[in-house]
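Here are my notes on this model, point by point. Have the sequence and the coordinates open while you read.

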Amino acid sequence: LRDGLGVLPTGRNTYALDPYRMPSKSAFRRGALAAERVLDQHRAANGGAYPETVAVTMWGLDAIKTKGESVAMALALVGAKVVAEGTGRVARFELIPLEELGRPRVDVLASLSGIFRDTFENVVLLLDDLFERCAAAADEPVEMNYVRKHALDLEAQGAERPAARLFSNPAGDYGSMVNERVGSGEWDESSALGDTWASRNAFSYGRSDKGSNRADVLQSLLATTERVVQEIDSVEYGLTDIQEYYANTGALKVAAENASGNKCSVSIVEAFRDDADGPQPKDLDDVLRLEYRSKLLNPRWAEAMLEQGSGGAYEVSSRFTAMVGWGAVNGVDDFVWDGASEKYALDDAVSEQLRRSNPEAYRNVLARLLEAAGRGMWNADEDVLRRLREKYADADDSVEGVA
């Protein structure tokens with residue numbers, strides 16, 4: 001129990017958390033440790049250099065379940081701590097002196113989900129205040145304060161709010177729309193998905209901003225973003241299970257690469273597990289491989305889905321769509337595509353069961369495999385493609401009612 005006896009049911013605590021006490025003490029400890037591990041991970045891969053900007057995703061349900069670990073990661077990267085009142089309510093986020101911090105302040109691009117933006121306005125205001133004070137820290141050299149360095153660059157370019165760091169969708173609107181584009185197939189290059197994310201998340205929030213379009217500030221921050229941090233809060237739903245991860249985290253990665261022209265790395269922090277020595281960030285590619293091996297390519301998972309009939313077929317189908325999404329924004333190994341096609345499409349018994357359970361889902365499985373090959377995501381054997389085309393033609397006729 002990370003938060004002690006306060007999590008036990010008493011009849012009085014009939015709420016998930018108090019937003020005015022976020023992040024909690026345990027969340028701050030875990031988030032700060034995760035942030036340091038992310039920096040260690042980055043420095044190990046980049047000759048000891050610190051990243052100038054790290055993008056941290058902040059999602060509403062994630063924040064509720066973890067009591068604000070993603071917020072704590074952002075604070076730790078900047079070099080700040082929580083200052084609470086005697087009642088436990090968070091009063092402000094205070095900068096830690098550079099002498100105590102012992103490293104540069106890393107700039108943070110906070111990518112807020114619509115639910116986080118609307119639910120935790122108090123946290124948004126506190127974070128905005130922190131970034132404004134960090135950017136105004138005139139006594140700190142720019143080589144030790146990347147927030148100030150980037151704010152000065154933006155000010156020189158004529159940006160209105162050079163310290164804006166909290167970005168989300170337009171006020172009252174939700175989602176990156178990247179999953180809609182992938183679902184409909186209406187995209188050409190991966191870079192277009194990054195552009196879609198950037199256009200949908202160019203709206204700044206804070207004390208004087210309620211959704212102002214600051215695309216110039218966002219693009220400048222993206223150009224210096226070297227790493228994205230995404231927390232996973234559930235063991236049940238991971239990166240490969242739902243569309244939101246590739247549509248936000250993956251598309252944010254592409255947006256940063258579009259702006260900088262360089263590769264952007266992604267760190268995955270698993271909030272649902274407690275390693276003996278604290279959170280251990282993992283590389284995106286390693287997490288994707290593990291999830292595909294343990295779920296989509298796992299015979300026991302496949303059997304369980306097939307036993308669920310139409311709903312199970314839909315779950316299988318949706319993961320093929322998500323796999324195309326990940327293929328677009330990051331890339332998926334050929335062994336995953338090969339194994340998935342062999343299991344769900346080329347195995348006649350399995351494909352027939354999928355077709356009977358949910359013809360639309362079965363057609364989508366075949367369509368996504370052909371799409372992946374057609375877009376160059378998958379180096380498929382020509383004989384495999386021939387069989388997939390034949391099966392797709394039959395599935396399409398069946399769905400459309402052609403005799």
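**Notes on the predicted model**

1. A word on ground rules. This is a predicted model, so local features need pLDDT of at least 70 and side-chain atom pairs count only at pLDDT 80 or more, while totals for chains, interfaces and linings use all residues. Residues are numbered from 1 along each chain as its sequence is written, and side-chain values use heavy atoms, with hydrogens and water left out.

2. Overall build. The protein has 18 helices and 10 strands, taken as DSSP runs numbered from the N terminus (helices: H or I, at least four residues; strands: E, at least two). Its radius of gyration is 23 Å, close to the 22 Å that the globule rule gives for 403 residues, so the protein is as compact as a globular protein of that length. That radius is taken over C-alpha atoms, and the rule is 2.2 Å times the number of residues to the power 0.38. The C-alpha trace spans about 75 × 55 × 40 Å along its principal axes.

3. Among contacts with a separation of 6 or more, 75% are between residues 24 or more positions apart, a contact being heavy atoms within 4.5 Å.

4. The cores. The largest nonpolar core has 73 residues, and Trp-326 and Tyr-344 have the most contacts inside it. H14 supplies the largest share of this core, 9 residues. A second, separate core of 44 residues includes Leu-17, Val-38, Ala-76 and Val-108. For the record, a nonpolar core is a set of buried Ala, Val, Leu, Ile, Met, Phe, Trp, Tyr and Cys residues joined through side-chain atoms within 4.5 Å.

5. Take a look around Tyr-344. Leaving out residues up to four places away in sequence, Tyr-344 touches Leu-296, Trp-301, Ala-302, Val-316, Phe-320, Val-350, Ser-351, Leu-354, Tyr-362 and Val-365. Tyr-362 and Val-365 are among the buried residues of H17.

6. On to H17 itself. This helix (residues 359-374) has 16 residues and reaches 22 Å from its first C-alpha to its last, close to the 22 Å expected at 1.5 Å a residue; the expected span is 1.5 Å times one less than the number of residues. Its buried residues are covered by elements including H8 (178-184), H14 (310-329), H15 (334-346), H16 (348-357) and H18 (382-400). After H17 comes Gly-376, with a positive phi near 80°.

7. Which residue pairs with Arg-368 in a salt bridge? The partner is Glu-371, at 2.8 Å from N to O. Both lie in H17, 3 residues apart, about one turn of the helix, and both are buried. A salt bridge here is a side-chain nitrogen of Lys or Arg within 4 Å of a carboxyl oxygen of Asp or Glu. The whole structure has 37 of them.

8. Arg-319 is buried at 7% relative accessible area, whereas Glu-315 is partly exposed at 25%.

9. Further out, Arg-389 and Glu-382 form a salt bridge at 3.3 Å, N to O. Glu-382 is exposed at 51%, and Arg-389 is partly exposed at 43%. Elsewhere, shared partners join Asp-128, Asp-129, Glu-132, Arg-133, Glu-160, Arg-161, Arg-207, Asp-209 and Arg-214 into one salt-bridge network.

10. Last stop, Phe-131 in H6 (residues 121-135). Phe-131 is buried, with 2% relative accessible area. Not counting residues up to four places away in sequence, Phe-131 touches Val-78, Val-108, Val-147, Ala-163, Arg-165 and Leu-166.

Terms used. Buried < 20%, exposed > 50% of the residue type's maximum accessible area, 1.4 Å probe, protein only.
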